[in-house]
Amino acid sequence: MHIVCCVKQVPDTTQVKIDPETNTLIRSGVESICNPYDLVAAEVAVQLTERYGGKVTVISMGPPQAESALRECLALGAKEAILLSDRAFAGADTLATSYTLSQTISRIAAVNPVHLVICGKQAIDGDTAQTGPGIATRLGYSQFTYVSEVVSVDVENNTIKVKREIEGGSELIEGTLPALLTVELGLGIPRYASLPELARALRQDIEVWGAGEIGALPERLGLRGSPTSVHRIFAPPVREGGRVFDSTENTERAIEDFVEVFFEKESPLLEHLLSQDKG
Amino acid sequence: MPKNSKGREIAEIIPEKCIGCQLCVGECPVGAIVMEDGVAKIDPEACIGCGRCFDVCPADAIIFEKPRKKRMTGVGQAPVPVDEYKGVAVFIEIREGKGAEVSWELVGKARELAGKLNTQVLGFILGTDIKPVGEEAIAYGCDVVYMIDAPLLKAYLPKVYGNALVHLLEQVKPEILLLGATPLGRDLASVSATRCETGLTADCTGLDIDLQGRLLLMTRPTFGGNIMATILCRNHRPQMSTVRPRVMKLPEKDGSRRGEIHTLDFAAPEDNLPRIIDFIATPVEADAEDITSAPVLVVVGKGACDTRHLPMFRELADLMGGAVACSRPVVQAGLLPYERQVGQTGKTVAPKIYIGIAVSGAVQHLVGMQSSDKIIAINTDRNAPLVRIADYALIGDYTEMVPRLIKGIEARIQSFEGKASKR
């Protein structure tokens, strides 16, 4: 079985902050990491090849530095890695990204047929969850998003059975291969790479493909192929603080003051709430 | 303005302002810009001083002082004739035979947008036996409802729903399409946007209209909620956006509203479709309360993560007719279940009154509660982020303050009831 995993290098977003006064980014110490959802996707792919045989190819679109995200996946057990790096890819929104990735997968499949494509549910920098379904739609693959369990894959009969998380519960669904899955974080825990695997991952050659290698139409790539554009960025609106009741001196008094003010200022709201409660 | 060795005036990047979007990298005609440590960098010798990077930069991170006007960036593929597209459409999701609440919230927002554009609100409904939902859509504010009623649409399959929705989009040609950012909505939005080769912006928290270009201004949090970005889709239609539940206000239902309902057919995809074998409903806990619909929330933070005080928090919540919720560390500590977590990785809430007890207010928490009507923060730290945005900040030890607060509120409620019985 041949599985392709799509991964993205992202800034460790919990560390990115904006200075509300100067409206500039505070990026000291912001590291680039492989999107955690995509690491789970790679782990799941490797586990499936351990169960059913076959190999995993990881692909990533990004600047040359994105290579390190691919190496993380090689260390998990992926066999091949391709970096999609070309100036023409820069500035892509999800539509152009899904075009680039689907073109790449078509090229890979022409040489070595692809049974499964596995993506993380979403990337932590954009949280859009749009790229996976976009790729499946372009390739015409069966599409299963929010997968929480791969129940079985039957390459001989070309079928796959998965469990998906949807509103109000989960669904067990069966479809044909090739298929694209987007996976939840809970589906697997990326393993710690062994030393030999790590060494292999660091030494392995990573192919770099550009627009020419994937046979892409230039007008559908990157900035030119992106219908959406960022108009402006700003710090999130800050709510103005209100009254402060300090109880360090006298707790009793502070609470009395608060209740007094609160019930006076918010009386329409409270009367409505409390009367509703009784009804 | 700096010059290179050839004497050309060149553009300069302010690294602190660069958001790493790479738009300039793609726009530069000579490949003079590269990404280094997440920031764009211009090679001064390669730069030809054309200023195109300056034009596309959304963050004003590029200095380019040659006198020229900042032009609107006409990027993208062959643009569609945008004038042919009219109306603000909402995809109305069906849940257990009824319209999902988020869809009605979007109809409310669509009314506002359509008002500015002087156009109609259109409801798109897919499913089986959906006639009553069509009538409800009109009561909530749709002018015209288009539906496809077919047995194959009973459960969601991406290709089938994709075909049906794309068919409606091609027939009706709305300029805007809004969908709820639910698992189904996000999935379907991406499938249809890809099929229509148009722009899609996920999880918007603000929608407005730029009247000059009849453009939808789609604002969403990015970088984990630390930055807001306004996104445009200039040359493609429909302009598509998903919006999370409870971000927009639920409109009033008006049964006397009138509108049209049209039923359309569609060509179902013929290839072998996935088969849903089983649906396993998440078991509902006996004491499950939905924190997203409680009018009052008592939210337990990391600093109040103590089993002994849980009954006290429940008492306060009960007194106000509310529910107990919490921040992420409290779930991680195992004090309360995930269903009660507020914030980016939990639920988005907007209660009438939010009472945060020792909640510091990390940005990931704030994005999930900042549209609450009134915020009360109880904390020892006067400088905690939540305290700074609270309408009422109570500074001190919660173990001393909460019991007194309960007494104080009880007394007030009794006086309310006294007043009510006199009436």
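Strand 14 (residues 228-234) of chain A runs antiparallel to strand 14 (residues 227-233) of chain B, and six bridges join them. Here A:F234 sits opposite B:M228. Strands (E, at least two residues) and helices (H or I, at least four) are DSSP runs numbered from the N terminus, and two strands pair if DSSP finds at least two bridges between them.

This is a predicted model, where local features need pLDDT of at least 70, side-chain atom pairs count only at pLDDT 80 or more, and totals for chains, interfaces and linings use all residues. Residues are numbered from 1 along each chain as its sequence is written, with chains lettered from A and ligands numbered from 1 in the order in which they are written.

How far does the predictor trust it? The complex gets an ipTM of 0.86 and a pTM of 0.81. For chain B the mean pLDDT (confidence in each residue, from 0 to 100) is 89, with 93% of residues at 70 or more. Residues 69-77 of chain B stay under 50.

Back to the contact between the chains: chain B puts in 90 residues and chain A 88, counting two residues as touching if their C-beta atoms, placed from the backbone, lie within 7 Å. The chain B side splits into 44 nonpolar, 27 polar and 19 charged residues. Nonpolar covers Ala, Val, Leu, Ile, Met, Phe, Trp, Tyr, Cys and Pro, charged covers Asp, Glu, Lys and Arg, and the others, Gly among them, are polar.

A helix pair also links the chains. Helix 4 (residues 131-139) of chain A and helix 6 (residues 183-196) of chain B have axes that come within 8 Å and cross at roughly 45 degrees. Axes are lines fitted to C-alpha atoms, for helices over the stretch in contact, and angles run from 0 to 180 degrees between N-to-C directions. The two are therefore oblique; under 35 degrees is roughly parallel, over 145 roughly antiparallel, 65 to 115 roughly perpendicular, and the rest oblique. Among the residues that meet are A:P133 and B:V191.

Then there's an open, mixed sheet of 10 strands, in the order 13(A)-7(A)-6(A)-1(A)-8(A)-12(A)-9(A)-10(A)-11(A)-17(B). Its edges are strand 13 (207-209) of chain A and strand 17 (275-281) of chain B.

| Helix of chain A | Residues | Angle to a strand of chain A |
|---|---|---|
| Helix 2 | 67-76 | about 165 degrees to strand 7 |
| Helix 3 | 94-111 | about 145 degrees to strand 6 |

Key:
pLDDT is the predictor's confidence in each residue, from 0 to 100.
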